[in-house]
Amino acid sequence: MANIKGLVAQSLIAFHEAVFKVSGGRLLGRLGGMPVVELTTTGRRSGEPRRTLLTSPVQLEDGSVVLVASNGGSDSHPAWYLNLRENPEVDLVVRGVRGPAMARTVTQDEKAALWPRITDAYRGYAGYQRSTDRDIPVVICEARD
């Protein structure tokens, strides 16, 4: 039974990614009430583009996008976060619009201000933080020319 549920979940994720990609992010652009963002980083070892679909619990007034490197509460950082730490120049697709951005990990003061907004958008992030000893990074992606 667990295998069937896993296969169904994987199929739904693959379907969501395919529709998002084909529509350029115009369809299925929200998940759990949050915008879905396509983040493209540069692989830290391969140098190849690496595409990841994430949710953005907070968008700032200046259009910057907030991402949470929760990795589901795992004790290790997600690969996309390790990649952007190495090369912070990324590309984003948000609401069907693609553009270059500069990613940075927020300071502890910034995280303290953003965390309540993040967990209001999705309470699961608080659970992820409780399940790991690692301080879950919060990333801001700011548009660049």
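**Notes on the strands and the aromatic rings**

1. Glutamine 59 stands opposite valine 65 in β5, and this should be read with the reminder that the model is predicted. The strands concerned, β4 (residues 58–59) and β5, pair in the antiparallel sense over two bridges. Five residues lie between the strands of this hairpin, and glycine 63 takes a positive phi near 95° there.

2. Strand β5 (residues 65–68) sends Val65 and Leu67 one way and Val66 and Val68 the other way, and all of these residues are buried. β5 also pairs with strand β8 (residues 138–143), in the antiparallel sense and over four bridges, with valine 66 standing opposite isoleucine 140 in β8.

3. Four aromatic pairs are found in a search of the whole structure. In one of them, tryptophan 80 and tyrosine 81 have ring centres 6.3 Å apart and planes at 90°, so the pair is edge-to-face. Tryptophan 80 counts as buried at 7% relative accessibility, and tyrosine 81 counts as buried at 5%.

4. The rings of tyrosine 122 and tyrosine 125, with centres 5.2 Å apart and planes at 85°, are likewise edge-to-face. Tyrosine 122 is partly exposed, its relative accessible area being 33%, whereas tyrosine 125 is buried, with a value of 5%. Together with Tyr128, Tyr122 and Tyr125 form one aromatic cluster.

5. A charged side chain also deserves a look: lysine 111 lies over the face of tryptophan 115, at 4.9 Å from the ring centre.

Note on methods. Residues numbered from 1 in each chain as written. Predicted model: local features only at pLDDT ≥ 70, side-chain atom pairs only at ≥ 80, totals over all residues. Heavy atoms only, no water. Buried < 20%, exposed > 50% of the residue type's maximum accessible area, 1.4 Å probe, protein only. Pairing = 2+ DSSP bridges. Phe/Tyr/Trp six-rings, centres within 6.5 Å; stacked < 30°, edge-to-face > 60°. Lys NZ or Arg CZ within 6 Å of the ring centre and 35° of its normal.
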